[in-house]
Amino acid sequence: MRVAAGRPGALLGPVVVALDRLLCTGARARRAVRGLALAGRFAARGDNFTFDPDGVYTYETIEVGHNVDLGYRPVLMAARARIRIGDNVMFGPEVTVRGGNHRIDQVGVPMIAVGKDPDDETHDRGVIIGDDVWVGTRAVILHGVTIGRGAVIGAGAVVTRSVPPYAVAAGNPARVIRLRWPLETIGDHERQLYPPERRLTPAELAGLAELPVPEPRPAPVTKSLTTGLQAR
């Protein structure tokens, strides 16, 4: 449905504005009530958890940590597998996380009628999203993927393979572009945020050594007051 927006008359304008405010207030109230009613259905959730009650969720298979924002209208679905999200994670709008998959290898059976064994982990794998991850707008994360701690997933990416910690991944299919920082900076970040037992091990850090790092930014050129006066 398309709405033609004209200019309301002098008397009608305030009425339209008041009606719009009333409808917006009602919509916010509805979402707040729905959110409170649905929050308890998640398998686990931490403090300061924000989610859009109008998103799509298989609540009982989703575990969420502390300080997580799932963004606007996400789709998080896993029939039997688990979707596990760590702490300090943020989603952009309309992110899709899909645990599980459909079998396409059975001859003589329509795909919609193909069943899965309860222990069929090959076709029913979950998704793990580590701490401190940012997932961009309309990214799609598919089953069996682990997003490492501190990673960034670009907008519109289709993630079919696991992403290392502190990597920036984008594209369709998503590929690792570079690390967020050099290894020394990653180590410093880890020391500031995590106790020793939770930090990446030396072996895990060494595993990131072959990934590209961001180019160093050139120092800004500044002119001294004396130089500026001399140039005049």
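This is a predicted model: local features need pLDDT of at least 70, side-chain atom pairs count only at pLDDT 80 or more; totals for chains, interfaces and linings use all residues.

Q: How much of the chain counts as buried?
A: Of its 232 residues, 32% are buried. The accessible surface is about 15000 Å², and carbon and sulfur atoms account for 57% of that.

Q: OK, on to rings. How many aromatic pairs are there in the whole structure?
A: A search turns up 8 aromatic pairs. One of them is Phe 42 with Phe 51, an edge-to-face pair at 5.1 Å centre to centre with 75° between the planes.

Q: Are those two buried or exposed?
A: Phe 42 counts as buried because its relative accessibility is 5%, under the 20% cut-off. Phe 51 counts as buried too, at 13%.

Q: What about Phe 42 and Tyr 59, how are their rings arranged?
A: Their centres are 5.0 Å apart and the planes sit at 80°, so that pair is edge-to-face. It links distant parts of the chain: Phe 42 is in the loop between helix 1 (12-39) and strand 1 (49-50), while Tyr 59 is in the loop between strand 2 (56-57) and strand 3 (62-64), 17 residues apart. Both Phe 42 and Tyr 59 are buried.

Q: Which residues do ring pairs link into a cluster?
A: Phe 42, Phe 49, Phe 51, Tyr 57 and Tyr 59.

Q: Switching topic: which residues of helix 2 are buried?
A: In helix 2 (residues 183-193), the buried ones are Ile 186, Gly 187, His 189 and Glu 190. They cover an arc of only 160° around the axis, so they end up on the same side of helix 2.

Q: What's exposed on the other side of helix 2?
A: Glu 184 and Gln 192 are exposed there.

Q: And what do the buried residues of helix 2 pack against?
A: Strand 16 (175-179) and helix 3 (202-206).

Q: Which ring does the charged end of Arg 149 sit over?
A: The ring of Tyr 194, with the charged end 4.0 Å from the ring centre.

Q: How many salt bridges does the count come to?
A: The count comes to 10. Among them is Asp 54 with Arg 73, where the closest N and O atoms are 3.9 Å apart. That pair links distant parts of the chain: Asp 54 is in the loop between strand 1 and strand 2, and Arg 73 is in the loop between strand 4 (68-69) and strand 5 (75-77), 19 residues apart.

Q: How exposed are Asp 54 and Arg 73?
A: Asp 54 counts as partly exposed at 22% relative accessibility, and Arg 73 is partly exposed at 37%. Asp 52, Asp 54 and Arg 73 are also linked in a network of salt bridges.

Note on methods. Residues are numbered from 1 along each chain as its sequence is written. Side-chain values use heavy atoms; hydrogens and water are left out. Buried means under 20% relative accessible area, exposed over 50%, partly exposed in between (1.4 Å probe, protein chains only). Accessible areas come from the Shrake-Rupley method with a 1.4 Å probe; for residues, only the protein chains shown count as cover. Rings of Phe, Tyr and Trp (its six-membered ring) pair if their centres lie within 6.5 Å; planes under 30 degrees apart count as stacked, over 60 as edge-to-face and the rest as tilted. Helices (H or I, at least four residues) and strands (E, at least two) are DSSP runs, numbered from the N terminus. A charge sits over a ring if NZ of Lys or CZ of Arg is within 6 Å of the ring centre and within 35 degrees of the ring normal. The arc is that of the directions from the helix axis to the C-beta atoms. Contact means heavy atoms within 4.5 Å. A salt bridge is a side-chain nitrogen of Lys or Arg within 4 Å of a carboxyl oxygen of Asp or Glu.
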